[in-house]
Every structure is written in C-alpha cells, then in structure tokens.
Amino acid sequence: DVTEIEEKEAQAKQEEQLMKEQELSNLLHEKRFLKALGLAISLDRPHTVLTVVKAILKEPEGRRRLEENIARLRRDQKEAVLAFLVTWNTNSRNCHEAQAVLETLLKHEAPEHLLQFSGIKSAVESLLPYT
C-alpha cells in the first residue's frame, strides 16, 4: 500500500508551494522585483507575473526598471513572459503592461534571438490583431 507515501509526498509538495507563495509575497513587499519575477515564472503564475510588472511600473522610473529586470531574465523566462503577455494583451485592463513588456523584449533582443524563441510565430500571430 503506497497511499501513505503518496499522501506525504502531496503534503510536502503543498508545503513547498506555500513556502514559495510566502517568499514571493515577501519579495514583492521588499521590492526585489527580479527575484519575484523569476519565482512567479517558475511557479507558472501569469497573473502573479502581471502583478509584479504592474508593481515595477508604479515605481519611479518604472519603465527603466522594467527594462532592467526583463533584460536580466534567462531566455526560457523571457519565452514564458512572452507567452503570458499574449494573453494579457487581449484584455484592455492589462494591455498597457503587455505592450510595455513587449516593447522591452523587442528593444533588448536581437531579431535572430527572438526568432529562436519557442512559440514566437503563434505569439506574433496572436499579438497582431490587438497591438
């Protein structure tokens, strides 16, 4: 019977998730946006990433700080953010943040690097009608 082992694993996973959620909350409170972005992306939480982006943009010189943080993300994280912003862009409440992130990606990534992103073709197709 492996039920007890599976329950312990599920409980451990849930506890780890709660710890990460708390860490994310602390990072936002401390305005450590780069780590908060990375953690939210690793948790696959598009809405939380959007919350972090909005918090960055509310700061003095928010655009510059957003550019700094987005530029420092790894390629896989940038790909995830691109996928998230496609969805954000379809909603008028979030389109400005999506466009700010998109502008940053287009400014700081060479076209040949952008073409190597997974899902870039579908992302561009989805962005065109709303941009």
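In the predicted model, glutamate 79 is found in helix H5. The residue has a relative accessible area of 19%, and because residues under 20% count as buried, glutamate 79 is classed as buried. Leaving out residues up to four places away in sequence, glutamate 79 touches Gln116, Phe117 and Ser118.

Helix H5 also holds phenylalanine 84 and tryptophan 88, which are four residues apart, a spacing of about one turn of the helix. Both of these residues are buried. A pair of aromatic rings is described by the distance of the centres and the angle of the planes. One aromatic pair is counted in the model; the ring centres of phenylalanine 84 and tryptophan 88 lie 6.5 Å apart and their planes meet at 40°, so this pair is tilted.

In soluble globular proteins, nonpolar side chains tend to be buried together. The largest nonpolar core in this model contains 33 residues, of which Leu37, Val49, Leu82, Leu85, Trp88 and Val101 touch the most other members. At least two residues of this core come from each of helix H1 (3-29), helix H2 (33-42), helix H3 (46-58), helix H4 (62-71), helix H5 (75-89), helix H6 (95-108) and helix H8 (120-127). For valine 49, when neighbours within four places in sequence are set aside, the contacts are Leu37, Ala40, Ile41, Val81, Phe84 and Trp88. Both members of the tilted pair, phenylalanine 84 and tryptophan 88, are thus among the residues in contact with valine 49.

Key
Residues numbered from 1 in each chain as written. Predicted model: local features only at pLDDT ≥ 70, side-chain atom pairs only at ≥ 80, totals over all residues. Heavy atoms only, no water. Core = buried A, V, L, I, M, F, W, Y, C linked by side-chain atoms within 4.5 Å. Buried < 20%, exposed > 50% of the residue type's maximum accessible area, 1.4 Å probe, protein only. Contact = heavy atoms within 4.5 Å. Phe/Tyr/Trp six-rings, centres within 6.5 Å; stacked < 30°, edge-to-face > 60°.
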